[in-house]
Amino acid sequence: MLEVLNDADYELFRKLIYDESGITFSDTNRSILDGRIKELLRVKNLQTPAEYYALVTKNTEEMKIMLDSVTTNLTRFFRNQPHFDAFVNYVIPHIIEYKKNHGTDRTIKIWSAGCSTGEEPYTIAMIMKEICPAGWNFQITASDISLKSLMTAQQGFYSDAKVDGIPADYLQKYFTKMEGGYQVKKELSEKIRFDYHNLKNDSGARNLDVVFCRNVLIYFDEPAQLAVINRFWNSMSNHSYLYIGHSESLFGMKTDFQFLKTEWACLYTKILE
């Protein structure tokens, strides 16, 4: 029985995961990778890491399964409330004002990058349903590298414990109580397009007004972080806003994003006009 990866095997998988996703494993989180690979060997009924390495490097679907397995998915509804306070009181009003003044379309485009099991995009959708003015529309794209998480998000069913934190009136309005939990109503789920996406690649999206990518950059090293941030820049409109995790920062990074401190929370802007 494999206990842990030896140094050579660990380096092979560490480099493979980095090359495929930008996700970095170091000595401090090596045990996570050890445990995930050991479990994958058990599931595939393989005896050695070399056998599994050969499998994932030849099979695209197995590669996705491995990347899914090594990704940590921790989230909740209305996580970091000050971010959403800034979203309601500053970001959306400024986007609407800009679009009105520049005669652009009245659709607000939002990307939840690294959406995990869907709590973040559903939170955004609930807020937008409440504050989006008459005559305006919004579109949310929610993406993740974990197919398992995306399936949970698309199903939109959450246990009683998972919905803790959703305001009671929102819960009643946008969810249906079922046995064992709550089901997202269609009026909310139809506003979100879930998509498998590896942040190592260009999403193809353009003219986005808001990008949420919170608590994802911490899994990347600096070159991979910069590459992701630059791809966000290219995907966003000339008057747009970027959210990253409260413990993350673009400080010292060669990027054109500008730091913005609002009354409620800090974020970043792309303001070219």
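Predicted model: local features only at pLDDT ≥ 70, side-chain atom pairs only at ≥ 80, totals over all residues.

Guide: Residues are numbered from 1 along each chain as its sequence is written, and side-chain values use heavy atoms, with hydrogens and water left out.

Visitor: Is the arrangement of H2 to H4 roughly parallel, roughly antiparallel, roughly perpendicular or oblique?
Guide: Helices (H or I, at least four residues) and strands (E, at least two) are DSSP runs numbered from the N terminus, and axes are lines fitted to C-alpha atoms, for helices over the stretch in contact, with angles from 0 to 180 degrees between N-to-C directions. The axes of H2 (residues 30–44) and H4 (residues 60–70) come within 9 Å and cross at roughly 135°. Angles under 35 degrees count as roughly parallel, over 145 as roughly antiparallel, 65 to 115 as roughly perpendicular and the rest as oblique, so H2 is to H4 oblique.

Visitor: Which residues of H4 make the contact with H2?
Guide: Contact means heavy atoms within 4.5 Å. On the side of H2, the contact is made by Leu33, Arg36, Ile37, Leu40 and Lys44. Their counterparts on H4 are Glu62, Ile65, Met66, Ser69 and Val70.

Visitor: Does Ile37 count as buried or exposed?
Guide: Ile37 is found in helix H2, and, leaving aside its neighbours within four places in sequence, Ile37 is in contact with Leu5, Phe13, Tyr52 and Met66. Buried means under 20% relative accessible area, exposed over 50%, and partly exposed in between (1.4 Å probe, protein chains only). Because its relative accessibility is 0%, Ile37 counts as buried.

Visitor: Which strands stand at the edges of the sheet?
Guide: Two strands pair if DSSP finds at least two bridges between them, and the open sheet of seven strands, with mixed pairing, has the order E6-E2-E1-E7-E8-E10-E9. Each edge strand has a single partner strand, so one side of each is left without a neighbour in the sheet. The strands at the edges are E6 (192–196) and E9 (258–261).
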